[in-house]
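Dear colleague,

Please find below the structure that I am handing over to you.

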Amino acid sequence: MRDPRLELTAQELIYAATALRAEARRSSERGIDPQYGSTQEIFREAARGTEALADKIQRIGEQVARHSAS
């Protein structure tokens, strides 16, 4: 039996991707801010990983939306 608490809608997936992109931007900004010194590369790497995850979630959300519209 499906548990509705464990389901995500296309809209929720796309919202999650948008939120992840906002976090990636914040990490990216920290990655160029000199006050973070030796941790800048860590922030840049986190931004790249978060952006990649956002891209995947966005694609899944778009596929779900197309499937739901059919």
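In H1, the buried residues are Ala10, Leu13, Ala17, Arg21, Ala22, Ala24, Ser27 and Gly31. "Buried" stands for a relative accessible area under 20%, "exposed" for one over 50%, and "partly exposed" for values in between, with a 1.4 Å probe and protein chains only. Helices (H or I, at least four residues) and strands (E, at least two) are DSSP runs, numbered from the N terminus.

Please note that this is a predicted model, in which local features need pLDDT of at least 70, side-chain atom pairs count only at pLDDT 80 or more, and totals for chains, interfaces and linings use all residues. Residues are numbered from 1 along each chain as its sequence is written, and side-chain values use heavy atoms, with hydrogens and water left out.

**Helix H1**

H1 has 23 residues, and the distance from its first C-alpha to its last is 33 Å. This is close to the 33 Å expected at 1.5 Å a residue; the expected span is 1.5 Å times one less than the number of residues in the helix. The cover over the buried residues of H1 includes H2.

Ser27 belongs to helix H1, which runs over residues 10-32. Ser27 counts as buried because its relative accessibility is 5%. Apart from neighbours within four places in sequence, Ser27 is in contact with Phe43, Arg44, Ala46 and Ala47, where contact means heavy atoms within 4.5 Å.

**Helix H2**

The 30 residues of H2 should span 44 Å at 1.5 Å a residue, and the end C-alpha atoms are 43 Å apart, which agrees. The buried residues here are Gln40, Ala47, Thr50, Ala54, Ile57, Gln58 and Gly61. They pack against H1.

- Thr50 lies in helix H2, residues 40-69. Its relative accessible area is 16%, so Thr50 is buried. Neighbours within four places in sequence aside, Thr50 is in contact with Leu20, Glu23 and Ala24.
- Ile57 is also placed in helix H2. Ile57 is buried because its relative accessible area is 17%. Not counting residues up to four places away in sequence, Ile57 touches Leu13, Ala16, Ala17 and Leu20. Ile57 and Glu7 are 50 residues apart along the chain, and their C-alpha atoms are separated by 14 Å.

Two further residues of the helix are partly exposed.

- Glu51 is part of helix H2, and counts as partly exposed because its relative accessibility is 28%. With neighbours within four places in sequence left aside, Glu51 is in contact with Arg21 and Ala24. Glu51 and Ala24 are 27 residues apart along the chain, while their C-alpha atoms are separated by 5.8 Å.
- Gly49 is found in helix H2 as well. A relative accessible area of 37% is why Gly49 is partly exposed. Gly49 and Ala24 are 25 residues apart in sequence and 8.1 Å apart in space, C-alpha to C-alpha.

**How the helices are arranged**

Two packed helices are described by the angle between their axes and the distance between the axes. At what angle do the axes of H1 and H2 cross? They cross at roughly 165 degrees and come within 8 Å. Axes are lines fitted to C-alpha atoms, for helices over the stretch in contact, and angles run from 0 to 180 degrees between N-to-C directions. H1 is therefore roughly antiparallel to H2; angles under 35 degrees count as roughly parallel, over 145 as roughly antiparallel, 65 to 115 as roughly perpendicular and the rest as oblique.

By class, the contact of H1 with H2 has 17 nonpolar, seven polar and seven charged residues. Here Ala, Val, Leu, Ile, Met, Phe, Trp, Tyr, Cys and Pro count as nonpolar, Asp, Glu, Lys and Arg as charged, and the others, Gly among them, as polar.
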